[in-house]
Amino acid sequence: MGRGSIGYRIYTITYLSYALLIVLPIAWTLLSVFFTEGSLNDNLGFLDKKILLLLGKSALLAFLVALFSTLLGTMTGFLLNKTNVVFRGFFKVSLLIPLFISPYILSVAWKDFFFLVFGNSGFISSFFGVGLVLTTIYTPLSMIITGSALSNINKQLEESGFMITNFRRVSLKITLPLIKPALISSFVLIFIFSISEFSVPAFFGVKVFTTEIFTQFSAFYNHSMAILQSSLLILICILLLFTEGKYLAEAPFLSVGSKGTSNKTYNIKNGFSLLFLSGWLSISVALPFITLFIQSFKGGTDKIIQAVGLLKPTFANSIGLAFTGALIITFIGFVAAYGTRTKKGTSFDWLLLVVFAIPSTIFGISLIKFYNHPFLDVIYSGYAIILIGYAGKFSFIAARLIGNAMKQLPDSLGEAAQIEGISEINRLRKITIPLIIPSLFAAFIISFIFSLGELGTTIMVYPPGTEIMPIKVFTIMANAPQSLTSSMTLIVFSVTLLIIIGFYFLAKPLVKDHNSYVQN
Amino acid sequence: MLHKLTLAIEANKLTCLLGSSGCGKTTILRLIAGLEVPQRGQIEIANKIVSENGKILVPPHLRNTGFIFQDLALWPHFTVYKNIAFGLSERGEEKVKETVFDMLDFFGLQEQAEKYPHQLSGGQKQLVAIARSLVLKPEILLMDEPLANLDVKLKHKILEHIKNLNKNFDLTLVYVTHDHKEAFAIADKIVVLSEGKIEKTGTVEQIKKSENAYVSYFLEY
């Protein structure tokens, strides 16, 4: 990509826009606390015993969630990618659902379940309850990461192990060590997500570090304190990220239709495996959905009708915003991936990764602090600030998905076209893009679904009067009867599920067509 | 890494770059094509400097070269016809269809025109890759171990095709291989390389009779 080329210009403009609109607000907000006279001194006590205990509590919660999610995710990943267990395709898709549903929806469902079965929500509205809900949400993430690593192990490595020892020893001594980077990545990512999670502990009224930041910011209007506390969390997340940074930056697990190597599949008895997979599916998907259904229709259809009425004005807005957000995210992801592919440097990738690791609430605070100026009102008071939030949160995932698809294309495909005199834009249009269509589509779908359910940043930045599904549910749930909250949540859950199913059927022929010619 | 390498390739002849893995033969090919830039020194094609001291002066598509990649680089989402026609259409050539079918005819590929690369045999893929390059009428055809993945029988068949190429198409051919038998079968001139340096240049007979220690050692295996 020459400096004067259109590709180079598009890359530079996108990179600078991202840095200016998304990275600068974060840097500016953090630095302003340290360099504004008085604010650091005024809040030097921010690291008191209470705060440190709260941080310790958050870290313990994140550790337990990361541990159990990685354990369960590895088990499901193994069963679905290394064995011949029946209904693998069904389980692979359905077990992913919790990852695409907003955490607050699952929180409402679990609270309902405890009310329904035990008559109170004592257990679930606790430290362990938050841990349980977060584990159901993040296990699918671990399943993707470890499953991808497991299916990419060259079968000869395991087969040569079987010449020497038994299945158990091969699994422990060969298979698991080979996927160690994936296990560590899974743990680190889930730890970062859990320690940064706001909506689940907030809903259950469990005080953790992120809820404390939110309280400082929105109840006490002590912005400097909130930012100082945030900087501590950012530091932890970034330090963790850098320990595993290189592997995460390359994130091989975020790929569609990865060629991989020939995979070893084990013949197993279906009994226990099916029981485990069905059990986990019941806990993480069926149980929340059924509970919401029962609660919503307990008193007839009144509450559902009321919920539809309340949510109706939000549908077009939410879908429109998520759609626009997904388009922007896919574009940024594509440009960043293309830049890395054409050796423009990896700094764009790193920027995406760092912003991705910053907790949503903190990102939201940064955007408010930065854009709350009269001359930036056009961004601050409109949907633009929400779209900027989406782009900051999810562009990393899109860039990785698209980047990994590009990596699988041999350089020679582009070079052959280059020698024939095909322009850079036409090489992109006619060679690269058609060959990575499934990944572009996947990046779009995932960005769309994540944007549709995004709450952590949106709740901080949404302009007054904005009608968006997650905001509407979250703001109403504090004062509404439980059955109305359940009904609203059920509707959001169903809409998200319908969209996932719709996209699945849209994507199926696309991927099939693509696979038919990209076999060799 | 190439070291102080001076190499002249004769027009309308088939020159083989022969050497073991990592000796720099593919790099030379990519330098000629303009896919790599020489840090120092210059590359001249038909008395015109095309690359010099870290700069590409003539971009790959204006060098009038064709390139057969080791993995062939057939575009998997295009049919055989489209793979061959793509370059012509992009260059705005007339009579694309006629030219492509002439080429398909020459290589006996008419019946494969609507097939995708994955539906072809190894030999057919090889011929499509050659046809795709030749249809643009290059003066120089660069081939990077194009037969590496073929069985012996097929190799001989394709080698016959390659041998006749410079006669039929008035071409200068540069063929990279690590297999001296392949080189002996087709080359007008052979350049033996080792660790980025030229060990010996000569005709097949001259190479066979060479007393250069490396050449003798290399030919033993």
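Residues are numbered from 1 along each chain as its sequence is written, while chains are lettered from A and ligands numbered from 1 in the order in which they are written. Because the model is predicted, local features need pLDDT of at least 70 and side-chain atom pairs count only at pLDDT 80 or more, whereas totals for chains, interfaces and linings use all residues.

## The sheets of chain B

Let us start with the strands. Helices (H or I, at least four residues) and strands (E, at least two) are DSSP runs, numbered from the N terminus. Two strands pair if DSSP finds at least two bridges between them.

In what order do the strands of the open six-stranded sheet of chain B stand? The order is E5-E6-E7-E1-E8-E9, and the pairing is mixed. Strand E5 (65-68) and strand E9 (197-202) of chain B are at the edges with a single partner strand each, so each has one side without a neighbour in the sheet. From one strand to the next, the twist averages 15°; here and for the helices below, axes are lines fitted to C-alpha atoms (for helices over the stretch in contact), and angles run from 0 to 180 degrees between N-to-C directions.

Inside this sheet, strand E1 (residues 14-18) of chain B runs parallel to strand E7 (residues 172-177) of chain B, and five bridges join them. If you look for Cys16(B), you will find Tyr175(B) of E7(B) opposite.

Chain B also has an open sheet of three strands, in the order E2-E3-E4 and with antiparallel pairing. Its edges are strand E2 (42-45) and strand E4 (55-56) of chain B; each has a single partner strand, so one side of each lacks a neighbour in the sheet. Four bridges link E2(B) to strand E3 (residues 48-52) of chain B in the antiparallel sense. Across this pair, Glu44(B) stands opposite Ile49(B), and Gln42(B) stands opposite Glu52(B). The two strands E2(B) and E3(B) form a hairpin with two residues between them, and Ala46(B) in the turn has a positive phi of about 50°.

| Helix pair | Axes | Angle |
|---|---|---|
| H12(A) (209-218) and H18(A) (360-371) | within 10 Å | roughly 25° |
| H1(A) (6-35) and H16(A) (302-341) | 10 Å apart | about 120° |
| H13(A) (223-243) and H18(A) | 10 Å apart | about 135° |

Angles under 35 degrees count as roughly parallel, over 145 as roughly antiparallel, 65 to 115 as roughly perpendicular and the rest as oblique. H12(A) and H18(A) are therefore roughly parallel to each other. H1(A) is oblique to H16(A), and H13(A) and H18(A) are oblique to each other.

What is the hand of the crossing of H13(A) and H18(A)? The crossing of H13(A) and H18(A) is left-handed. A crossing is left-handed if the near helix is turned anticlockwise from the far one by less than a right angle, and right-handed if clockwise. H12(A) also passes H18(A) in a left-handed crossing, and H1(A) passes H16(A) in a left-handed crossing.

Which residues meet? Two residues are in contact if their C-beta atoms, placed from the backbone, lie within 7 Å. Thr210(A), Ile213(A), Phe214(A) and Phe217(A) of H12(A) meet Thr361(A), Ile362(A) and Ile365(A) of H18(A). That contact has five nonpolar, two polar and no charged residues. For these classes, Ala, Val, Leu, Ile, Met, Phe, Trp, Tyr, Cys and Pro count as nonpolar, Asp, Glu, Lys and Arg as charged, and the others, Gly among them, as polar.

In the pair of H1(A) and H16(A), Ile10(A), Tyr11(A), Thr14(A) and Tyr18(A) meet Ile332(A), Val335(A), Tyr338(A) and Gly339(A). By class, this contact has six nonpolar, two polar and no charged residues.

## Where the parts touch

Finally, the chains and domains. In chain B, 21 residues are in contact with 18 residues of chain A. E5 and helix H2 (80-90) of chain B are the elements that give two or more residues to this side of chain B. The side holds twelve nonpolar, six polar and three charged residues.

An automatic or database domain assignment divides chain B into domain 1 (1-64 + 138-221) and domain 2 (76-137). Nine residues of domain 1 of chain B are in contact with eight residues of domain 2 of chain B.
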